[in-house]
Every structure is written in structure tokens, then in C-alpha cells.
Amino acid sequence: MVERSNGTMNSRRRVHVFIAGRVQGVFFRATTRAVAQQLGLTGWVRNLPDGRVEIVAEGPADAVERLLHWTKSGPEGALVTRADVREEPYRGEFSTFRVRG
């Protein structure tokens, strides 16, 4: 999907990300939500039973890229050892970015 805004092209992007390392118990979800909201992204973040964090994010491609860059280190106290990023078709299905159970 391509949108025009102020005369410029702005493509939309959706990613499904799995973050491994010391990423639970360090406010990774809450900080991800804050960063995503600041970037104007929608989607969700949640902890997985295996200790990873899962993120689905949609929005302007440049903002998604900035979120992905941030996830390489995460919040203070986190130690990211791996980030698996899966590109998915943009759906526009979310209205906010939230923390899921």
C-alpha cells in the first residue's frame, strides 16, 4: 500500500518479530509500546512462554525500521541476543499499539 502525504510517497510495512535474550522482566513490553506509539505505529507486543518477546508492528516503513533498530538493544537492562524479523503483508488491522497478555 502506498499513500501520499504532503506530496511525498510513504510506503506502509508490517513486521512480525521474535526477540530473544534477557528480554523479560526488564520492561521490554512497556518500553516497546512507548517507542511504537511515539513512532506512530500500531500492533502489539507480548511475552512468550519460552522467554522471548513477540512483536507485530505496522505503519510507515521508516518508522517500522526505527522500531527494528531499537529492538536490537531494547530498554536498559535488556540483553538482546537475537531478533528474527518476518515481513508480512501490510493489513492496517490495528488502531493502537498495545501490550498483550
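Predicted model: local features only at pLDDT ≥ 70, side-chain atom pairs only at ≥ 80, totals over all residues.
Residues are numbered from 1 along each chain as its sequence is written, and side-chain values use heavy atoms, with hydrogens and water left out.

I turn to the overall architecture. The protein has two helices and six strands, arranged from the N terminus as β-β-α-β-β-α-β-β. Here helices (H or I, at least four residues) and strands (E, at least two) are DSSP runs, numbered from the N terminus. The C-alpha trace spans about 45 × 20 × 20 Å along its principal axes.

Of the 101 residues, 41% count as buried, where buried means under 20% relative accessible area, exposed over 50%, and partly exposed in between, with a 1.4 Å probe and protein chains only. Among contacts (heavy atoms within 4.5 Å) between residues at least 6 apart in sequence, 78% join residues at least 24 apart.

Let me now consider His16, in strand β2, residues 8-22. Is His16 buried or exposed? His16 counts as buried because its relative accessibility is 14%. Which side chains make polar contacts with that of His16? One is the side chain of Glu54, at 2.5 Å; another is that of Glu88, at 2.9 Å. A polar contact is a pair of N or O atoms within 3.5 Å; within protein, one must be able to donate a hydrogen and the other to accept it, and residues adjacent in sequence count only if both atoms are side-chain atoms. Leaving aside neighbours within four places in sequence, the residues in contact with His16 also include Trp44, Ile55, Val56 and Arg86.

The second residue is Thr42, which lies in strand β3, residues 42-47. Thr42 has 15% relative accessibility and therefore counts as buried. Beyond neighbours within four places in sequence, Thr42 is in contact with residues including Val56, Ala57, Phe94 and Phe97. The C-alpha atoms of Thr42 and Arg98 are separated by 7.9 Å, although these residues are 56 apart along the chain.
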